[in-house]
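Here is a short report on one protein chain. Keep the sequence and the structure open while you read.

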Amino acid sequence: MKPVWIKHAKELATISGENGPRKGKDMSNLSIIEDGSVWIEDGKIAAVGTTEELEKQYASRANEADIVDATGRLVTPGLVDPHTHIVYGGSREKEFEMRLEGATYMDIMNAGGGIHATSRMTREATEDELVEQASRRLDSFAKHGVTTVEGKSGYGLDLETELKQLRAAKRLNEQHALEIVPTFMGAHAVPREYKGNEDAFVDLVIDEMLPVVAEEKLAVFNDVFCEKDVFTPEQSERILEAGKKHGLTPKIHADEIASYGGAELAAKVGAISAEHLLKASDQGIEDMAKAGVIACLLPATALFLREEAAKGRQMIDSGMAVAISTDCNPGSSPTTSMPLVMNLACISMRMTPAEALVAATINAASAIKVEDRAGSLEVGKQGDVVMWDIGSYQELQYLFGVNHVDKVWKKGQLIVG
């Protein structure tokens, strides 16, 4: 593979610095290089600096490289989506209309729709069908500048289908250009057959599902939906602590629909991230900040459900590290557009354009433990790069609802453009 030399970027937003999540005021630091340049070789970044600096360093090797003129363009790290449900069967567009007619999320779920509907369709799909459907979604992610995604199970709610989802994610990671980081989420909902006997399902997740997932090394994280009428904080804690014993790092869907103690539990169990957090209490935010939990916020989900967005501004001001994500899923956020999510982070959560970009790169990478190789443009990291057809990071957030992606490289390989 030939080296890639991206030259003359109007703004090269390297987001370089300490290798970990940015917190509070540090989320505004993009480490921009004007007239910037990146040299990528053997899939990794070999040099970053001004074009003048790299011309001195690589003048003798210029004829070896694919040279890309980024004059007038913004260049950033590849975006990272740290919360998706990308492997699933079917679609739920009818529920969108139901919601607009007044049905709530829980109304639909309790009537057999929602997660239960997708669970049924995912159980019916073959592994090959799941791979094919998810591959198309990954193609769309790439076209929107995403180079790494997290992918959860959770639409099986039985051992066979949960394993089928995770095995599909493993195949996608091996076959597709994008990197897929897997999360086990057998506790996404209580199956209808366990209604009224929820603790028995918790036992099933702990005693039967988690050991097999760990033995086959199908997941890095263990997630649970801690929410009223789903899993209680006590049940959620049991599941997350059990996952830790199998080497799975805890994540938690917390306080999406009601303030339910999920944020506080995230701090208690040492979760790497807490997701949603629309209704997180002030105490929960304080606890997470002290514990170093990354807030993974999903403004497109709030928009789709017509809910008030999470308190992103308050969380950043409290000293938290904030990441953002599409929450790509068939019921509450059927989008693959991280640029739109960055726009919404500014509009609905009062994040600045710089904070939104940090939240979609190094902080998102940190939320899924890939900050050592993704999320910033630094020597030694993967050559995951996006060139945008605009000139500044402010434009990226200002010109909302538009996909400004020009070219995308994953490990130095051009995958879009």
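The text below goes through the annotated sites, the nonpolar cores and two further residues.

**The first set of annotated positions**

The model is predicted. UniProt, in an unreviewed entry, gives the feature "binding site" for His83, His85, His253 and Asp327. These residues are spread over 245 residues of sequence, yet they cluster in space, with a largest C-alpha distance of 12.4 Å. His83, His85, His253 and Asp327 are included in the lining of the largest cavity.

Start with His83. This residue sits in the loop between strand 6 (79-81) and helix 2 (93-100). Its relative accessibility is 0%, so His83 counts as buried. Beyond its neighbours within four places in sequence, His83 touches several residues, among them Glu150, Lys152, His253, Glu275, His276 and Asp327.

Asp327 comes from another loop, the one between strand 13 (322-324) and helix 13 (338-349). Asp327 has a relative accessible area of 2%, and is therefore buried. Setting aside neighbours within four places in sequence, its contacts include Asp81, His83, His85, His276 and Ser332.

| Side chain | Partner | Distance |
|---|---|---|
| Asp327 | His83 side chain | 2.9 Å |
| His83 | His85 side chain | 3.3 Å |

Is His188 buried or exposed? His188 is buried, because its relative accessible area of 4% is under the 20% limit. His188 lies in the loop between strand 8 (179-187) and helix 7 (198-215). Apart from neighbours within four places in sequence, His188 contacts His85, Ile115, Gly154, Tyr155, Leu157, Phe225, Val230 and Phe231. His85 belongs to the other annotated set.

Tyr155 is in the loop between strand 7 (146-152) and helix 6 (159-175). Tyr155 is buried too, at 2% relative accessible area.

**The nonpolar cores**

The largest nonpolar core has 105 residues. Ile252, Leu277 and Ile324 have the most contacts inside it. Helix 7 supplies the largest share of this core, eight residues. Domain 1 (2-76 + 375-414) and domain 2 (78-365) each give this core at least three residues.

A second, separate core has 14 residues, including Val4, Val38, Val75 and Val385.

**Two further residues**

Ser392 lies in the loop between strand 14 (385-388) and helix 16 (393-398). Ser392 counts as buried, with 11% relative accessibility. Leaving out neighbours within four places in sequence, Ser392 contacts Glu11 and Leu74.

Where is Leu303 found? Leu303 is in helix 11 (residues 299-304). Leu303 is exposed, because its relative accessible area of 53% is over the 50% limit. The C-alpha atoms of Leu303 and Ser348 are 8.7 Å apart, while the two residues are 45 residues apart along the chain.

Methods
Residues numbered from 1 in each chain as written. Predicted model: local features only at pLDDT ≥ 70, side-chain atom pairs only at ≥ 80, totals over all residues. Heavy atoms only, no water. Helix = DSSP H or I, 4+ residues; strand = E, 2+ residues; numbered from the N terminus. Buried < 20%, exposed > 50% of the residue type's maximum accessible area, 1.4 Å probe, protein only. Contact = heavy atoms within 4.5 Å. Core = buried A, V, L, I, M, F, W, Y, C linked by side-chain atoms within 4.5 Å. Domains from an automatic or database assignment. UniProt positions renumbered as here; feature names shortened; annotations may be inferred. 1 Å grid on protein atoms, 1.4 Å probe; cavity = no way out; pocket = protein on both sides within 12 Å on 5 of 7 lines; lining within 4 Å. Polar contact = N/O pair within 3.5 Å; in protein donor to acceptor, adjacent residues only side chain to side chain.
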